[in-house]
Amino acid sequence: MSLALQTFSTVKDANTALHASGTRYLGGGTLVVRAANEGDISVSSLVRVTEPSLSQITVSGGRARLGASVTMAAIARHPELAALAPAARAVGGPAIRNMATVGGNLFAPAPYGDFAVALLALDAAVATEAGEMPIETFLAGRDTSSAIVTAVGFSPPKAESFRFLKVSRVKPKGVSVLSIAAFLQSAADGTVTSARITLGCMADRPMRAHAAEKALLGCKLRADEIAPALAAAGEGIAPITDPIASAWYRTEVLPVHLGRLLLS
């Protein structure tokens with residue numbers, strides 16, 4: 001079966017075209033094209049947009065804006081986004097990073113979507129033509145969303161306050177066993193005053209570890225003090241089972257890798 005490709009110069013026109021049955025949005029193509037090649041007959045037409053703003057990165061006034069078509073490779077080499085480079089480089093190999101986009105990563109089902117885990121930790125805002133919404137709201141409703149994501153915005157973290165870890169069996173570009181991002185703010189004495197911890201592969205989409213976040217408050221990042229947070233990390237999770245790892249295995253190794261991340 002052949003695929004029709006429609007190209008539009010504006011997001012508004014592309015949004016209108018997406019209302020047709022069997023039509024999907026084409027960003028980098030790492031998900032939708034693969035699905036079509038593997039026999040997904042629900043897709044008959046692809047829509048793409050050439051609007052320049054979708055491919056732009058701006059960092060100004062303590063705020064970063066990534067257009068939805070910005071690639072992982074572009075993020076990894078941007079000097080003002082160095083703290084996010086490990087998360088961007090965690091997405092596939094060089095060829096994939098040259099195609100995989102910010103917008104596509106938001107829709108990627110587990111065990112993919114590692115960069116979305118990082119954006120969730122940073123409390124990013126997701127923009128569409130209709131306006132902006134918190135990333136948690138977007139992720140919760142993404143399966144029924146028909147709007148084209150245009151950008152994500154967030155405050156770029158300092159390197160010392162943001163941590164990211166992807167665990168895979170095949171190095172360096174294997175599919176995730178799990179991924180973890182942590183955005184931590186501390187007082188002068190090292191006591192954690194604010195924590196956002198997010199997990200990949202612990203549900204069908206990135207999720208927050210609310211119980212672990214709460215347990216970290218008032219603690220210093222020492223093995224004895226983070227123990228309650230590690231014990232609470234599994235609350236509310238529903239890990240996936242796939243050819244890479246079982247839900248049981250992911251549950252067992254989560255506190256181990258979270259501990260390593262917090263103590264690194």
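Trainee: Which residue in S8 does Ala-125 stand opposite?

Mentor: Ala-125 stands opposite Gly-153 in S8, and the two strands concerned, S6 and S8 (residues 149-154), pair in the antiparallel sense over four bridges. Strands here are DSSP runs of E with at least two residues, helices are runs of H or I with at least four, and both are numbered from the N terminus. Two strands pair if DSSP finds at least two bridges between them. Keep in mind that this is a predicted model, in which local features need pLDDT of at least 70 and side-chain atom pairs count only at pLDDT 80 or more, while totals for chains, interfaces and linings use all residues. Residues are numbered from 1 along each chain as its sequence is written, and side-chain values use heavy atoms, with hydrogens and water left out.

Trainee: Are the faces of S6 covered or open?

Mentor: Both faces of S6 (residues 125-128) are covered, since Ala-125 and Ala-127 on one side, and Val-126 and Thr-128 on the other, are all buried, where buried means under 20% relative accessible area, exposed over 50% and partly exposed in between, with a 1.4 Å probe and protein chains only.

Trainee: Switching topic, what is the order of the open sheet of four strands?

Mentor: The order is S9-S10-S11-S12, with antiparallel pairing. Strand S9 (162-168) and strand S12 (207-208) stand at the edges with a single partner strand each, so one side of each has no neighbour in the sheet.

Trainee: How many bridges do S10 and S11 have?

Mentor: Strand S10 (residues 176-186) and strand S11 (residues 192-200) pair in the antiparallel sense over eight bridges, and Phe-183 stands opposite Arg-196 in S11.

Trainee: Now the whole chain: how many helices and strands are there?

Mentor: The secondary structure comes to eleven helices and twelve strands. The radius of gyration of the chain is 19 Å, close to the 18 Å that the globule rule gives for 264 residues, so the chain is as compact as a globular protein of that length; this radius is taken over C-alpha atoms, and the rule is 2.2 Å times the number of residues to the power 0.38.

Trainee: What share of the residues counts as buried?

Mentor: Of the 264 residues of the chain, 50% count as buried.
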